[in-house]
Amino acid sequence: MEVSFSKEVQLLRLGRGDTFHGEGILAITKALLQSGVSYVGGYQGAPVSHLLDVMVQAEPYMRELGVHVQACANEASAAAMLGASIHYPIRGAVTWKSIVGTNVAADALSNLASPGVTGGVLIVVGEDYGEGASVIQERTHAYALKSSMLMLDPRPELANMVRMVEAGFALSEASNMPALMELRIRACHVRGSFECADNIAPQVSTLHPLTEPAAFDYAKLAHPPVTFAQEKRKIAERIPAAQRYIAAHGLNEIFEGRGAANHEVGLIVQGGLHNVLVRSLQQLGLADAFGAAELPVLALNVTFPLVPEQLAAFCAGKRAVFVIEEGQPDYIERDILATLHRQVDRQVDRQVDRQEMQTRIHGKDLMPATGEVTVEGLTAGLVGFVERHLPQHAVQGARDWLAANAQRRVAVATQLSRQLGTALPARPPTFCVGCPERPVFAALKLAQQNVGPVHVAADIGCHAFATFEPFSSGHSILGYGMSLASSAGVSPLMQRRVLSVMGDGGFWHNGLLTGVQSALFNGDDSVLLIMKNGYTSATGTQDIISTPDDEIKAREPDKQQSLVDRNTTIESTLKGLGIQWMRTVHTYHVSEMRKTLEEAFTTPFKGLKVIIAEGECQLERQRRIKPWLAALLKSGKRVARVKYGVDEDVCNGDHACIRLSGCPTLTLKDNPDPLKLDPVATVIDGCVGCGLCGENAHAAALCPSFYRGEVVTNPTVGERFVEALRAPVRRWLHLV
Ligand code: SF4
Ligand code: SF4
């Protein structure tokens, strides 16, 4: 991984008396060290990759503290790592992207939560939910409920987030429950400051290891018959212990609200949504510019378990309470409704005035049932709530604001479609400029022209961009590294061979075992295409076991080339497993890739055929060579940059090249010929000269309008001399 986090690593060293300024996710990372964590692990994924990335790069400092950092193979291995805290009083933290990562980790989490933990356990999950999410719309909350794990959802303010990390470990130890902490993308990137404490070197650490293993204790195993007793303990002991701790230590926050007249109503909000709530209240004139609200607010920094007495006390005497909860199902709202109902019954038993508990609960009846809680969506819900229960408060300003937003969107869309002469086209995400995976899908398009359309089992990773235009490739995505496994049902039932596409990240995460091993065992006759770009690029280009060594990357002559061929761990692993048909093709060689795909689809060889598509992630390659090129330029040395272009006089305007490439720098411009109507193709400045344009033109026999040029900085004496001869000829020919 070429991204440097050296500044962030320095922030981890801050201590008592220092003020931390920065992003939420880094504050969480620092808080782990302030909590005396002994081990940290995880699997990368937005929006929490930063936690592990920084920890990995802070390895020398971690060694000083004695903290073990593990870049895990997947989320299941990260969750299993937490087994260290079952017997031993040591704190551990892991991180991954949810919901997908939690799904992968689910088995280990069940087996962790059943015996429970002795040392505090914190699982920091990136809750990638709602607008802009890249995963299935499901909630991690479900796992907390089903496995009886704590669910923390801290209000996104740095001091509070840090407090909740430290409290999360203590709560986990007090209740023996593992703690999940969900962080939405905005919480990870919220900026702020907090007063630091010193980092705590853990008592059990790599510097001070345990001298003896724990004594055998069957009760610590997730295995019948003790699992029956463990289930009872979850309900009878652990959850009540957690509730006592939450109440005693004020983990949830109550903001009293400034308007005395408004105390007849209240708001209960997931902590992570507090900032959205404040912004919405401002639209209604119910909060000031500093976030102080007029209405009482209960911010749930812990959303499971809820504390019945706290809920009852908050709702007592209120006509109505609005529960603000993201997504579906509405677990918290239902929990509150059930809790209050039971609370009423208990109070009636003790002859407390039943009327106190007749609070009307609103939530999803006033809010969209699905999707992210946005300021606009919540404001609309609050307008409905205030109109019903605070009729004296004017809501017209908020209504006008919502209407103006809607009108502005329509006006912008209308204006743009008027200019374009058509409805605004969708702008799906796509591969980076020069991505090595784009040419493979161009080759696949061409191969299918010859062999016919094939069923494509797609996967998670950058190659999933090929599901968008112009490739529209892929019939299903069943999970990270699951493409080959997902083809097992369809492959034997399909006349033409099925193609499974997988990245090297997915291959190591899951694909090797669930896909390759099973395909070999069952004698599947299908094709597996592995994108070997050298990194888990889609999650931030983290290193994997098949990443080229740093020492190779540092070697001068190789710096401009793709280096992924220097690590053949994937190939040797596949050979070791018994793969007999395997081809390695450079991704930018479109003709060769096309032929190899055609061969794989038609060869008489029965069995799994593997194509390794080699080409270093362009993003990572550019990061790697940029400083090197800058140093060359600074020292006055020759640097040549390849650029492709389209000769506008030759371009016939059919845009076949664009349909085959999808590179954002290969686009359109007005035809300079007044007699031709169709716009011509053009290559704009962002071209990194990957060569795909030339390869596509050759492989698909496109019109000969593409040319390759070199932009040379600090040319040699010979080049200057040749240029001095060429320039006048070009001017004479009116070429420039
Ligand atoms: S990050 Fe790398 S692999 Fe992913 S789209 Fe960009 S260049 Fe391609
Ligand atoms: S050569 Fe073509 S495909 Fe490659 S970066 Fe340039 S315009 Fe894009």
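I am working with a predicted model.

**The sheet.** I traced the strand order first. I found 6 strands in an open sheet, ordered S16-S15-S17-S18-S22-S21, with parallel pairing. Strand S16 (476–477) and strand S21 (581–586) each have a single partner, so one side of each lacks a neighbour in the sheet.

**Strand S18.** I looked next at residues 527–532. Is S18 enclosed or open to the outside? I counted 6 of its 6 residues as buried, so the rest of the structure largely encloses this strand. I checked both faces. Val527, Leu529 and Met531 are buried on one side, and Leu528, Ile530 and Lys532 are buried on the other. Side chains in a regular strand alternate between the two sheet faces.

**Its partners.** S18 runs parallel to S22 (residues 609–614), and 6 bridges join them. Val527 has Lys609 as its bridge partner in S22. S17 also runs parallel to S18, through 5 bridges. There, Val501 stands opposite Leu529. I followed the chain from S17 through helix H19 (residues 504–522) to S18 and found a right-handed β-α-β unit.

**Helices across the sheet.** Helix H21 (residues 569–577) lies across S18, S21 and S22, at about 175° to S22. Helix H22 (residues 590–602) lies across S17, S18, S21 and S22, at about 165° to S21.

**A loop residue.** I then turned to Thr374, in the loop between strand S14 (360–362) and helix H15 (375–389). Its side chain reaches the backbone nitrogen of Gly377 at 3.1 Å. Leaving out residues up to four places away in sequence, Thr374 touches Glu131 and Val276.

How values were computed. Residues numbered from 1 in each chain as written. Chains lettered and ligands numbered in written order. Predicted model: local features only at pLDDT ≥ 70, side-chain atom pairs only at ≥ 80, totals over all residues. Heavy atoms only, no water. Pairing = 2+ DSSP bridges. Helix = DSSP H or I, 4+ residues; strand = E, 2+ residues; numbered from the N terminus. Contact = heavy atoms within 4.5 Å. Axes fitted to C-alpha atoms, helices over the stretch in contact; angles between N-to-C directions. Polar contact = N/O pair within 3.5 Å; in protein donor to acceptor, adjacent residues only side chain to side chain. Buried < 20%, exposed > 50% of the residue type's maximum accessible area, 1.4 Å probe, protein only. Right-handed = clockwise from strand over helix to strand, strands pointing away.
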